[in-house]
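Subject: Structure handover and findings

Dear colleague,

Please find the structure below, followed by an account of what was found in it. I would be grateful if you could read the two side by side.

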Amino acid sequence: MSVGNFVLGVQGDVSGGGLSGNYDFGFGPFPNISMEVNWLAGLTARGGVAFDSVLLYGLAGLAVADTAIKYPGESAGPTYTGYTAGAGVALKLNANWSVFGEYAYYGLGEQEFDRDTYDLSLSSGKVGLNYKF
């Protein structure tokens, strides 16, 4: 939806996983702990200002991530829920096609596992191609 140079919209996206991290205590009998993000989804409101063929926009909304935490002898699969916020720029190539670059931060909160608290936050950068029907 656009009103003059102002553009408003809603965006939803889902990304497959493969993002993982390990924490190695590095001494004594303490084990390694690993976390993998299986998928990440967001539902955001977007608002921006169009200048000729360029759109500058911000986004904010709900984010959800499904994870797998592994600790020797134990595992868990908590789902984190939080927020996402970011900004982007889109360049209109013609009536139907545009390219974009976008940055988003995901603050997904905390989950407790094995008497410890695990905080999850991510940043992502996207570059893509849009087609307008």
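What volume does the largest pocket have? The volume is about 790 Å³. A pocket here is an open set of points on a 1 Å grid over the protein atoms alone, where a 1.4 Å probe fits, with protein on both sides within 12 Å along at least five of seven lines. Grid points are joined across faces, edges and corners, and the volume is the space filled by probe spheres set on the points.

Please note that this is a predicted model, in which local features need pLDDT of at least 70 and side-chain atom pairs count only at pLDDT 80 or more, while totals for chains, interfaces and linings use all residues. Residues are numbered from 1 along each chain as its sequence is written, and side-chain values use heavy atoms, with hydrogens and water left out.

The pockets

The lining of the largest pocket comprises 32 residues, and V7, R46, L55, A90 and S98 lie nearest its centre; a lining residue has an atom within 4 Å of a point. At least two lining residues come from each of β2 (6-23), β3 (33-51), β4 (54-71), β6 (79-92), β7 (97-113) and β8 (116-131). Strands are DSSP runs (E, at least two residues), numbered from the N terminus. β2 gives the largest share of this lining, with seven residues. By class, 14 lining residues are nonpolar, eleven polar and seven charged. In this scheme Ala, Val, Leu, Ile, Met, Phe, Trp, Tyr, Cys and Pro count as nonpolar, Asp, Glu, Lys and Arg as charged, and the others, Gly among them, as polar.

The second largest pocket holds about 240 Å³ of space. Its lining has 15 residues, with G21, N22, S34, M35 and Y118 nearest the centre. β2, β3 and β8 each contribute at least two residues to the lining of this second pocket, which divides into nine nonpolar, four polar and two charged residues.

Strand pairing

Two strands are taken to pair if DSSP finds at least two bridges between them. β4 and β6 are antiparallel partners over 13 bridges, and L62 stands opposite Y83 in β6. β6 also pairs with β7, again in the antiparallel sense, over ten bridges; here A87 has Y103 of β7 as its bridge partner. Four residues separate β6 and β7 in the hairpin that they form.

β7 and β8 pair in the antiparallel sense over 15 bridges, with E112 opposite T117 in β8. Their hairpin has two residues between the strands, and D114 takes a positive phi near 55 degrees in it.

Individual residues

S98, in strand β7, is buried at 14% relative accessibility. The classes are buried for under 20% relative accessible area, exposed for over 50% and partly exposed in between (1.4 Å probe, protein chains only). Leaving aside neighbours within four places in sequence, S98 is in contact (heavy atoms within 4.5 Å) with L91, K92, L93, G128, L129 and N130.

A41 belongs to strand β3 and is buried, with a relative accessibility of 18%. Its C-alpha lies 4.3 Å from that of V14, although 27 residues separate A41 and V14 in sequence. With neighbours within four places in sequence left aside, the contacts of A41 are D13, V14, L62, A63 and V64.

A60, in strand β4, is partly exposed at 44% relative accessible area. Not counting residues up to four places away in sequence, A60 touches T44, A45, T84 and A85. A60 and Y106 are 46 residues apart in sequence and 9.8 Å apart in space, C-alpha to C-alpha.

Aromatic rings

Rings of Phe, Tyr and Trp (its six-membered ring) pair if their centres lie within 6.5 Å; planes under 30 degrees apart count as stacked, over 60 as edge-to-face and the rest as tilted. The count by this rule is three aromatic pairs. The ring centres of Y131 and F133 are 5.0 Å apart with planes at 80 degrees, so this pair is edge-to-face. Y131 is partly exposed at 40% relative accessibility, whereas F133 is exposed at 89%. W97, Y131 and F133 are linked by ring pairs into a cluster.

With kind regards
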